[in-house]
Amino acid sequence: MNFDLTEEQKIWKKIVHEFAEDVLRPKAREVDEKEEFNWEAVRKGGPVGLLGMNIPEEYGGSNVDAISNAIAMEEFGWGCGSTALAFTAHNGLGTAPIANYGSEELKKKWSPLVASGKNKLGSLALTEPGAGSDIQGGMLTRAEKDGGEWVINGSKMWNTNASIAEYIITLVRTDPKGGSKSLSMILVPTDAKGLSIAPAEKKMGLRGSPTHGVTYDNVRVPLGNLIGPEGRGLQQTLATLDAGRISIGAISIGLARGALEASVAYARERKAFGQSISEFQAIQFKIANMEMEIEVARNYIYKAAWLKDQGRPYSKEAAIAKLYATEMAERVTYEAIQIHGGYGYSREYPVERMYRDARLMTIGEGTSEIQRLVISRHVFAG
Ligand SMILES: Cc1cc2nc3c(=O)[nH]c(=O)nc-3n(C[C@H](O)[C@H](O)[C@H](O)COP(=O)(O)OP(=O)(O)OC[C@H]3O[C@@H](n4cnc5c(N)ncnc54)[C@H](O)[C@@H]3O)c2cc1C
């Protein structure tokens, strides 16, 4: 594996970093405090390809490789955790299933619309009030055929972007008998009759990223809104989550990097016992550990992304990358607050927000416990 970025990837990194610095960072605190979404990021991100990273060029996307996607997600996480989550929910969850499994008609109709930045985004609803990790066994949302339409009933929970989305790709049970071939993905436009989006959840962090409960009351959509073959929803979901895990890990690296940079700047300035706290070995060692963990996590994220780009299996590596990077971000943001002392606990400094934002990363797109299950299954399978 070659750890050097290509010239194209280096240019991409510069573009995305500048975007994060100019459009995300300045508003990160405001979107968190006001619990508002950063629409400017969508309007400005669309034209530079940040909303079409998983969409082929013929459908209006930039279709970047997996390493470039990880680079972008790290920069987004560095800029603003909330907007980073909205962008990964859009790119990885909301657009990738259409690009990978959708019909020509769906690709033509929806992909250019949500990649442009002129409209709303995409989203994916898997989780339900009573089922998250156990999506296969516990899912209750049903879709039945009636004439030329699907009729959908049920409810979803924790749907990122629902209120700022053109559509919600919804995982539904199409075969009541159950089993691994009983689930399917269906695209539901957010203006469909019978679809209700609840007010945004009041969250601990990522407060500029709207998350909603959604209910489906006899929602009717054309049969052609099925994404992929009927009964393949579980397999499509698992593959979508493998890729999504690299992105969540990369966002975590961005959050941790932001916290480290803030800690270094603070440690240089702050004086105690007549000297800069950066001269205390205890602080130096914390900084060294933070740097080490970020470097290790990034290298592993790139490895998982590289495997994906090679078309090789990467499910175990994506789980390791997510597990390590997300738990690493918790440790790093924790230490960042410690280095800031009392000021770290204040909203005047960004590290408390980064700490709150990082907390979700070990839960969304598969909890740490689920990552350990995935990894151990691979190990036992030999
Ligand atoms: C801010 C936010 C945004 C989200 N965005 C989306 C989204 O856009 N779309 C979407 O579909 N979902 C989304 N989610 C949902 C998220 O993916 C789920 O919360 C997550 O998968 C866990 O599911 P759960 O909450 O039902 O927890 P549960 O599955 O009920 O788990 C509870 C606890 O039990 C543990 N556990 C469960 N099963 C096992 C097992 N077999 N072995 C060991 N431990 C186990 C879990 O690890 C966890 O600690 C979001 C959640 C949040 C908080």
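Helices (H or I, at least four residues) and strands (E, at least two) are DSSP runs, numbered from the N terminus. The views below show a predicted model, in which local features need pLDDT of at least 70, side-chain atom pairs count only at pLDDT 80 or more, and totals for chains, interfaces and linings use all residues. Residues are numbered from 1 along each chain as its sequence is written.

View 1. Gln 236 lies in helix 7, which covers residues 233–269. It counts as buried because 21 C-beta neighbours lie inside 10 Å; a residue is called buried if 20 or more other C-beta atoms lie within 10 Å of its own, exposed if 12 or fewer, and partly exposed in between, with C-beta atoms placed from the backbone. Leaving aside neighbours within four places in sequence, Gln 236 is in contact with Pro 97, Tyr 101, Met 185 and Gly 228, where contact requires that the C-beta atoms of two residues, placed from the backbone, lie within 7 Å. The C-alpha atoms of Gln 236 and Leu 183 are separated by 9.6 Å, although these residues are 53 residues apart along the chain.

**View 2. The shell around the ligand.** Of the 24 residues around the ligand, Leu 126, Gly 132, Ser 133, Thr 367 and Glu 369 come nearest; a residue is near a molecule or strand if its C-beta atom, placed from the backbone, lies within 6 Å of it. Two or more residues of the shell are given by each of helix 4 (81–101), strand 1 (121–125), strand 3 (149–160) and helix 11 (368–380). The shell has 11 nonpolar, 10 polar and three charged residues, with Ala, Val, Leu, Ile, Met, Phe, Trp, Tyr, Cys and Pro counted as nonpolar, Asp, Glu, Lys and Arg as charged, and the others, Gly among them, as polar. Domain 2 (123–231) and domain 3 (234–380) each contribute at least three residues to the shell around the ligand.

View 3. The protein chain is assigned domain 1 (7–121), domain 2 (123–231) and domain 3 (234–380), with bounds that come from an automatic or database domain assignment. Taken over C-alpha atoms, the centres of domain 2 and domain 3 are separated by 30 Å, and 12 residues of domain 2 are in contact with 10 residues of domain 3. On the side of domain 2 that touches domain 3, helix 6 (135–138) and strand 5 each supply at least two residues, and the residues of that side divide into seven nonpolar, five polar and no charged.

**View 4. Strand 4 and its pairing partners.** Strand 4 (residues 165–173) is largely enclosed by the rest of the structure, because seven of its nine residues are buried. Strand 1 and strand 4 pair in the parallel sense over five bridges, two strands being paired if DSSP finds at least two bridges between them, and Ala 125 stands opposite Thr 170 in strand 4. Strand 4 is also joined to strand 5 (residues 183–189) by seven bridges, in an antiparallel arrangement, in which Ile 168 has Val 188 of strand 5 as its bridge partner.

**View 5. The hairpin of strand 2 and strand 3.** Strand 2 (residues 142–146) and strand 3 run antiparallel and are joined by five bridges, with Glu 144 standing opposite Val 151 in strand 3. The two strands form a hairpin with two residues between them, and Gly 147 in the turn has a positive phi of about 65°.

**View 6. Ile 186 in the largest nonpolar core.** A nonpolar core is a set of buried Ala, Val, Leu, Ile, Met, Phe, Trp, Tyr and Cys residues joined through C-beta atoms within 7 Å. The largest such core holds 109 residues, of which Ala 70, Ile 186, Ile 246 and Ile 301 touch the most other members; helix 9 (residues 315–340) gives the most to this core, with 12 residues. Not counting residues up to four places away in sequence, Ile 186 touches several residues, among them Ala 143, Trp 150, Ile 152, Val 221 and Ile 227.

**View 7. Two loop residues with positive phi.** Asn 63, in the loop between helix 2 (39–45) and helix 3 (66–79), has a phi near 45°, a positive value in a residue other than glycine, and with 18 C-beta neighbours inside 10 Å it counts as partly exposed. Glu 365, in the loop between helix 10 (351–361) and helix 11, has a positive phi of about 55° although it is not a glycine, and Glu 365 is buried, with 26 other C-beta atoms within 10 Å.
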